[in-house]
Amino acid sequence: LGDIVLTSAALVNLKIKYPRSHLTFLCKEKYAEVVGCMGTVDEIRAVPDNVGLPAYVRLLMQLDKRNYNFVIDLHGNARSWMAREAVTADRTVRYPKRRLERILAVKGRSLPVSWPHTIDLYNEAVIEAGGAAFCRRPIMSVPGVVDGEKLESPQLSRHDYVVVAPG
């Protein structure tokens with residue numbers, strides 16, 4: 001979930017660079033509602049958490065028919081690799097995950113010289129796609145309606161706020 005939230009800055013930067021673009025976000029179904037709170041995504045393609053390989057390949061084949069300009073992989077796992085390979089695009093970009101450096105840091109063998117934030121790494125993919133990194137913080141909006149009922153603004157004192165920093 002934290003990684004999904006951290007992609008929001010990169011999405012804002014993509015929309016700044018390509019304001020008339022149609023941005024499709026591929027994610028697990030359980031994260032679709034969070035992606036919808038970002039405000040920059042035009043379409044969410046939600047993959048059921050228990051999706052089998054044949055159904056996932058069918059979804060990717062549907063997406064492949066769209067002739068995307070970019071496929072930008074901000075996850076760097078086997079599932080996103082498969083999407084990168086299956087969905088034809090003019091250009092494919094993958095963020096620099098720095099997996100080996102993270103493994104060595106966790107095992108206590110060595111710390112990297114620099115340790116950029118995940119948002120900065122996601123923005124490196126945006127820069128590789130021709131954009132710039134104007135936005136460097138997560139951007140989310142709280143929906144005004146939940147289950148058909150309007151949310152009321154809570155009357156909170158100065159001491160009722162909590163900051164959560166995922167990632």
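I count Ala, Val, Leu, Ile, Met, Phe, Trp, Tyr, Cys and Pro as nonpolar, Asp, Glu, Lys and Arg as charged, and the others, Gly among them, as polar. The model I am examining is predicted.

**Entry 1: the largest pocket**

With those classes, I sorted the lining of the largest pocket into 21 nonpolar, nine polar and nine charged residues. I noted a volume of about 1,200 Å³ for this pocket. Its lining comprises 39 residues, and I found Thr-24, Phe-25, Leu-26, Ile-72 and Asp-73 nearest the centre.

I then asked which element gives the most to the lining of the largest pocket. I found that β3 does, with six residues. At least two lining residues each come from α1 (2-6), α2 (8-17), β1 (24-28), β2 (43-47), α4 (53-64), β3 and α5.

**Entry 2: strand β3 and its partner**

I followed β3 (residues 68-73) to its pairing with β4 (residues 89-94), which is parallel and runs over five bridges. Within this pairing, I located Phe-70 opposite Arg-91 of β4.

**Entry 3: helix α2**

Eight of its ten residues are buried, so I describe the helix as mostly covered, taking buried to mean under 20% relative accessible area. I listed the buried residues as Ser-8, Ala-9, Ala-10, Leu-11, Val-12, Asn-13, Leu-14 and Lys-15. I found these buried residues packed against α1, β1, β3 and α7 (118-128).

Note on methods: Residues numbered from 1 in each chain as written. Predicted model: local features only at pLDDT ≥ 70, side-chain atom pairs only at ≥ 80, totals over all residues. Heavy atoms only, no water. Pairing = 2+ DSSP bridges. Helix = DSSP H or I, 4+ residues; strand = E, 2+ residues; numbered from the N terminus. 1 Å grid on protein atoms, 1.4 Å probe; cavity = no way out; pocket = protein on both sides within 12 Å on 5 of 7 lines; lining within 4 Å. Points joined across faces, edges and corners; volume = space filled by probe spheres on them. Buried < 20%, exposed > 50% of the residue type's maximum accessible area, 1.4 Å probe, protein only. Contact = heavy atoms within 4.5 Å.
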